[in-house]
Every structure is written in C-alpha cells, then in structure tokens.
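Trainee: I have a model open on my screen and would like to go through it with you. Could we take it a piece at a time?

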Amino acid sequence: KQLVDIIITQMANEGLATHAVIFDGDEITVEISQKRFRPTIYAVDIASRILAYNAPNNIKKITVNNLDFGITNFSSTIERDNLVSLVSRGPLREDNITLNNKISFSEKSKIYDNPYMYPHFAWSLTPTVRTVLGGPDGFLLWQFQAKLKTVVSFRKGVYLETEIHRKIKDNFDKWKLPSDSDVEHVRTDMRLYWKTGDTSLARMQLDYLFQLSPFVVGRFSGGI
C-alpha cells in the first residue's frame, strides 16, 4: 500500500491522475488519465519511468493504460530492462512500445484503486466568440462570451458535464428579422436560440460509459 501511494503521488506531481495500480505476476500496470500532453507517448514515457523506478525487482513488464472518461483508449507494454536501456539514451518513441489489443488481468492479480480519485471535480473557463456572417440584419453579428465547463466524476465511467455561457458583449440587438422560410427550420431559427439572457445553461448531461470489449464501448446518457 505504501508503494502504491508513492506511485500515485509521483504520478500526480507530473500531472498524471492515477486510477489504479495493478500487480499481475511479473507485470505492473497503471491506469492514468491526463490533459498535460497532446502526444500520449509523452505521458507513457513519464508513467513508465515512475513504475520502473518504484516497482519491486520481480517486475519484468511495464504497462500503461490511458483512460478517457473511465474507458481505456490506449494501452502499451514494454520490457523493464528494455525501458531502462532506451530512456538512458532519450525519450521513448512510439516504435519502442507494444500496443495491447486485449486488456485483462489474471485472477491472482492485485488491483489497488486510488482512494483519492473519486469524486473528482474539474473546470475550465474560456472566452469565445459566436458570429453570424452575411445576414439580412447586418453583415457581421457577433457575441463575446465566457464559457464555463465543469466535469464531476462520481466513479469510473460516471460523469456529469455542465456548460454555462455568460454574455459579455454583443450586437445581437440588430438581429430582428424572423425566418419566413416555408420549409422546416433548422439554422433559420438560430436567432431564437442565441438571443438568450445574460447567463444560459447550454448543456448538462450525465453519462455512464462501460467497456463491452476492447473495441466496443457502451454509453447511457441523459440531460438537457
């Protein structure tokens, strides 16, 4: 347990969130999620080094599973001795690792879930601009707004996503002409949806994701 806590802490120091650490014979596996690196191999490199440094001497294989919304979307394995040799000369490359098509553990494996992982709250606040170009009410209609996104993770695979918009400035007061189209309205009724109050709830959705097979993912969703 102390070893697992050390691995979790060191992963967190590198911007990697640990879901679980699994010991399975001569293999150690870590399940992580991260937003620090765009190329996943960078996260695999750091996570593999941390595992190799801390793992007991009997461990021969290092496996890193990258999770997105609780579902494994990338899994790689490398021999420990090969890893040590490669990283002594530089960072890992994609051709240094073996991609896993089957993700499973034996009955004798020991799985240590991160007790600090859930519930988890994350948020982001970004400026955005919405525009309408070439309409009858003006060549350019625009709205500058702040977009708040939040994600509450209750457990692996269960997430509540919320998106709130706050209007800062716009010229939508010029947008007055309603649609007179006789066909079904789609984009032509956009004026009714965009001319909202100063603060609007754009999205709130609860998702439950589950792995049916290594290549098939199921999802139940509900929200507004």
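Mentor: Let us begin with the second largest pocket, where β10 provides the largest share of the lining, five residues. Please keep in mind throughout that this is a predicted model.

Trainee: Which elements each supply at least two residues of that lining?

Mentor: Those are β4 (71-79) and β10 (199-213).

Trainee: And what is the volume of the second largest pocket?

Mentor: The second largest pocket has a volume of about 300 Å³. It is lined by 16 residues, and the closest to its centre are Glu-31, Gly-70, Thr-72, Lys-156 and Gln-211. Sorted by class, this lining consists of eight nonpolar, five polar and three charged residues.

Trainee: OK, now the largest pocket: how much space lies in it?

Mentor: The largest pocket holds about 710 Å³ of space. Its lining is made of 29 residues, with Lys-35, Asp-68, Phe-69, Ala-122 and Val-151 the closest to the centre. Two or more lining residues come from each of β1 (17-24), β3 (61-68), β7 (120-135), β8 (138-155) and β9 (158-170).

Trainee: What is the make-up of that lining by class?

Mentor: For the largest pocket, the lining has twelve polar, ten nonpolar and seven charged residues.

Trainee: While we are on backbone geometry, which residues does a cis peptide bond join?

Mentor: A cis peptide bond joins Tyr-118 and Pro-119, with omega at about -5 degrees. Pro-119 is in the loop between β6 (110-113) and β7.

Trainee: Change of topic: how many helices and strands are there in the protein chain?

Mentor: The protein chain has four helices and eleven strands. Of contacts between residues at least 6 apart in sequence, 53% join residues at least 24 apart.

Trainee: And what percentage of the residues are buried?

Mentor: Of the 224 residues in the chain, 37% are buried. The chain exposes about 14,100 Å², and carbon and sulfur atoms supply 55% of that area.

Trainee: Which residues touch the most other members of the largest nonpolar core?

Mentor: In that core of 28 residues, Met-11, Leu-16, Ile-28, Val-30, Ile-32, Leu-51 and Ile-62 touch the most other members. Two or more of its residues come from each of α1 (2-13), β1, β2 (27-33), α2 (40-54), β3 and α3 (80-87), and α2 gives the most, with eight residues. In soluble globular proteins, nonpolar side chains tend to be buried together.

Trainee: What does Ile-28 touch, if we skip residues up to four places away in sequence?

Mentor: With those left out, Ile-28 touches Ile-7, Val-21, Ile-22, Phe-23, Leu-51, Ala-55, Ile-59, Lys-61, Ile-62 and Thr-63.

Trainee: Next, His-19: buried or exposed?

Mentor: His-19 is buried because its relative accessible area is 5%, and buried means under 20%. This residue belongs to strand β1, and its contacts beyond four places in sequence include Glu-31, Tyr-112, Tyr-118 and Lys-156.

Trainee: How many residues apart along the chain are His-19 and Lys-156?

Mentor: His-19 and Lys-156 are 137 residues apart along the chain, while their C-alpha atoms are separated by 8.3 Å.

Trainee: Last two, then: where is Glu-79, and what is it in contact with?

Mentor: Glu-79 lies in strand β4, and, leaving aside neighbours within four places in sequence, it is in contact with Lys-60 and Lys-61. Glu-79 is partly exposed, at a relative accessible area of 43%.

Trainee: And where is the place of Asn-171?

Mentor: Asn-171 is in the loop between β9 and α4 (190-194), and it is buried, with a relative accessible area of 10%. Leaving aside neighbours within four places in sequence, Asn-171 is in contact with Leu-140, Leu-141 and Trp-142.

Terms used:
Residues numbered from 1 in each chain as written. Predicted model: local features only at pLDDT ≥ 70, side-chain atom pairs only at ≥ 80, totals over all residues. Heavy atoms only, no water. Buried < 20%, exposed > 50% of the residue type's maximum accessible area, 1.4 Å probe, protein only. Contact = heavy atoms within 4.5 Å. Areas by Shrake-Rupley, 256 points an atom, 1.4 Å probe, with all protein chains shown as cover. 1 Å grid on protein atoms, 1.4 Å probe; cavity = no way out; pocket = protein on both sides within 12 Å on 5 of 7 lines; lining within 4 Å. Points joined across faces, edges and corners; volume = space filled by probe spheres on them. Nonpolar A, V, L, I, M, F, W, Y, C, P; charged D, E, K, R; others polar. Core = buried A, V, L, I, M, F, W, Y, C linked by side-chain atoms within 4.5 Å.
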